[in-house]
Amino acid sequence: PTTEPTIPPEANPFDQYDFQYNKRNYLYCLKQESYVGIDVSAFQHDIDWNAVKASGVDFAMLRLGYRGWGKKGTLVEDEYIQQNLQGTAAAGIPIGVYFFSQATTLDEVYEEIEFMLDILGDYKLDYPIVLDWEVANPTEGRTQGVTRRMLTDMLRYFCDEMSGRGFDPMIYFNWTQASRMLYLNELEDYPFWLALYQDRMTFPFRVEMWQYTSEGRVPGIEGDVDINLYIPDLRGKTTTE
């Protein structure tokens, strides 16, 4: 049997005491600059973006669309994306975007890239562009046959392609996916976005975005919303005024 390289990605530099809630009940990092963000889709319906901004949210990750998990794998534009693109722009909220992927080949990833950029149009991104690949239906879904090798290659392809087009791509995963479905060491040229629903950072490797709850409450949004903390790796980066 072939053995895969097992050099782990860079270690997580934070400990459990490096994060606290601020007075608005959003998590932030005590050790360095950090930014509060939400990720939204049609599930959140109508959003009052001015209220969101006033509550102390720094950025939003907007879902552009998704691929169905059935055999056909139809590409669908998020029904609220145009409204959310206009609303965040009007409220002055910086955005990133993501696409819920069910791709099984590099060709399908390419198809999703073209679909994403067509929806995004001329809107400018200040935050990453992300292929949110998840197993939507483990028993019947089209992604059943996707191996660890294939998924790693697809995400690497997405990031290389987007980077080449001038975007800042990012790799999204949860802990289970990271340990069973990805060769993280092959992807660490790009920042990681981790779904880990707790308020202590216990993941062993460095991540730059942390989705720390799926049951967040934010003024301007009815019901639950994902809340994220962006903790950019600032080493070696110079800012020019």
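# Reading a fold, one feature at a time

Modeller: Let's start where a helix ends: H2 is followed by glycine 92, whose phi angle is positive, near 75°. Please remember as we go that this is a predicted model.

Biologist: Happy to! Which residues of helix H2 (residues 81-91) are buried?

Modeller: Here is the general idea. An α-helix has 3.6 residues a turn, so residues three or four places apart point the same way. In this helix, the buried residues are Ile81, Asn84, Leu85, Gly87, Thr88 and Ala91.

Biologist: Let's move on to strands. How many residues of strand E10 (residues 209-216) are buried?

Modeller: The idea to carry with you is that in a regular strand the side chains alternate between the two faces of the sheet. As for E10, six of its eight residues are buried, which leaves the strand mostly covered.

Biologist: In which sense, parallel or antiparallel, does E10 pair with strand E11 (residues 225-230)?

Modeller: Those two are antiparallel, with five bridges between them. For an example, look at threonine 213, whose bridge partner in E11 is isoleucine 227. E10 also runs parallel to strand E9 (residues 192-195), joined to E9 by three bridges. There, leucine 194 stands opposite tryptophan 210.

Biologist: Now cysteines. How many disulfides does the structure hold?

Modeller: A disulfide is a covalent bond between the sulfur atoms of two cysteines. This structure holds zero of them.

Biologist: Is cysteine 29 buried or exposed?

Modeller: The cut-off for buried is under 20% relative accessible area. Cysteine 29 counts as buried because its relative accessibility is 4%. Cysteine 159 is buried too, at 1%.

Biologist: What about loops? Where is glutamine 102 found?

Modeller: Glutamine 102 sits in the loop between strand E6 (95-101) and helix H3 (106-120). With a relative accessible area of 0%, glutamine 102 is buried. Its side chain reaches the backbone oxygen of glutamate 134 at 2.6 Å. Beyond its sequence neighbours up to four places away, glutamine 102 touches residues including Arg67, Trp69, Glu112 and Trp133.

Biologist: Which loop holds alanine 103?

Modeller: Alanine 103 is also between E6 and H3, and its relative accessible area is 0%, so alanine 103 is buried.

Biologist: Is serine 55 buried or exposed?

Modeller: Serine 55 is buried because its relative accessibility is 9%. You will find serine 55 in the loop between helix H1 (49-54) and strand E4 (59-67). Apart from neighbours within four places in sequence, serine 55 is in contact with Arg24, Tyr26, Val218 and Pro219.

Note on methods:
Residues numbered from 1 in each chain as written. Predicted model: local features only at pLDDT ≥ 70, side-chain atom pairs only at ≥ 80, totals over all residues. Heavy atoms only, no water. Disulfide = S-S within 2.5 Å. Buried < 20%, exposed > 50% of the residue type's maximum accessible area, 1.4 Å probe, protein only. Helix = DSSP H or I, 4+ residues; strand = E, 2+ residues; numbered from the N terminus. Pairing = 2+ DSSP bridges. Contact = heavy atoms within 4.5 Å. Polar contact = N/O pair within 3.5 Å; in protein donor to acceptor, adjacent residues only side chain to side chain.
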